[in-house]
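Thanks for making time this morning.

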Amino acid sequence: KRFENSQKLKLTLKKLDEVSKEITLLDKTMLLTGSELGLITDLENLADKHLITQNLTVSLKEIVKEKRQAGLTNYYLLTFSNEGQFDDQARYLAELEKLPFYLITDSVKWERRKEDKNGKSTIVLSFNSIIYVDPISTKK
């Protein structure tokens, strides 16, 4: 009996560790209500780092009741219009994927502008992304 209880305890501790890792991963997919300033700051710093002129709007949206799943009630809609050189835009996007949050983006629009004196074209990168709001944080 003691051996069985010991085995069950070991299994429980192992499962607890696995669940904790999954919860940590899940936490990165959502933003706490009121923590959007940190997200905006991270995005602005990333744009500055890659010489991107970024126009960003952030708005809190409510999910229609009929379309709610997993208790999610709100999300942030982020609308980007970034202007810069192609290489800088590519580096920006690559690093955006590495930030500690999960943005859902359906499509990206690239628009080429006129060439400058050096023969380089400015690229405007436009896209919308969403990040869900932690439903527990909205109830507080």
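Some ground rules. This is a predicted model, so to speak of local features we need pLDDT of at least 70, side-chain atom pairs count only at pLDDT 80 or more, and totals for chains, interfaces and linings use all residues. Residues are numbered from 1 along each chain as its sequence is written, and side-chain values use heavy atoms, with hydrogens and water left out.

Start with the overall layout. The protein chain has four helices and five strands. Those are DSSP runs, numbered from the N terminus: helices are H or I with at least four residues, strands are E with at least two. Read from the N terminus, the order is α-β-α-β-β-α-β-β-α. Of the 140 residues, 28% count as buried. Buried means under 20% relative accessible area, exposed means over 50%, and partly exposed is in between, using a 1.4 Å probe and protein chains only. The accessible surface comes to about 10300 Å², and 54% of that belongs to carbon and sulfur atoms. Areas are from the Shrake-Rupley method with a 1.4 Å probe; for residues, only the protein chains shown count as cover. Now contacts, meaning heavy atoms within 4.5 Å. Take those between residues at least 6 apart in sequence: 67% of them join residues at least 24 apart.

Next, the strands. Two strands pair if DSSP finds at least two bridges between them. S2, residues 53-62, runs antiparallel to S3, residues 74-85, with 10 bridges. Glutamate 62 stands opposite asparagine 74 there. S3 also pairs with S5, residues 121-133, antiparallel over 11 bridges. In that pairing, leucine 78 has serine 129 as its bridge partner. S5 pairs with S4, residues 104-115, too, antiparallel over eight bridges. S4 and S5 make a hairpin with five residues between them, and glycine 119 in the turn has a positive phi of about 85°.

Stay on S5 for a moment. Threonine 122 lies in this strand. It is buried, at 17% relative accessible area. Beyond four places in sequence, its contacts include Glu83, Gly84 and Gln85, and also Glu111 and Arg113.

Now helix H2. Leucine 43 is buried, with a relative accessible area of 0%. Its contacts outside four places in sequence are Gln54, Leu56, Leu78, Phe80, Tyr92, Leu96, Leu99 and Phe101.

Glutamine 54 sits in S2. Buried or exposed? Glutamine 54 is buried, at 16%. Its side chain makes a polar contact of 2.6 Å with that of tyrosine 92. That term means a pair of N or O atoms within 3.5 Å; within protein, one must be able to donate a hydrogen and the other to accept it, and residues adjacent in sequence count only if both atoms are side-chain atoms.

Leucine 51 is in the loop between H2, residues 36-49, and S2. Its phi is positive, about 60°, although it is not a glycine. Most residues other than glycine have a negative phi. Leucine 51 is exposed, at 63%.

Last topic: salt bridges. How many are there? The count comes to three, taking a side-chain nitrogen of Lys or Arg within 4 Å of a carboxyl oxygen of Asp or Glu. Glutamate 95 pairs with lysine 49, closest N and O atoms 2.8 Å apart. Glutamate 95 is in H3, residues 86-96, and lysine 49 is in H2, so this pair ties together parts 46 residues apart in sequence. Glutamate 95 is partly exposed at 22%, while lysine 49 is exposed at 54%.

Arginine 91 pairs with aspartate 88, also given as 2.8 Å between the closest N and O atoms. Both lie in H3, three residues apart, about one turn of the helix. Arginine 91 is partly exposed at 43%; aspartate 88 is buried at 11%.

Arginine 113 pairs with glutamate 111 at 3.2 Å. Arginine 113 is partly exposed at 38%, and glutamate 111 is partly exposed at 30%.

That is my tour.
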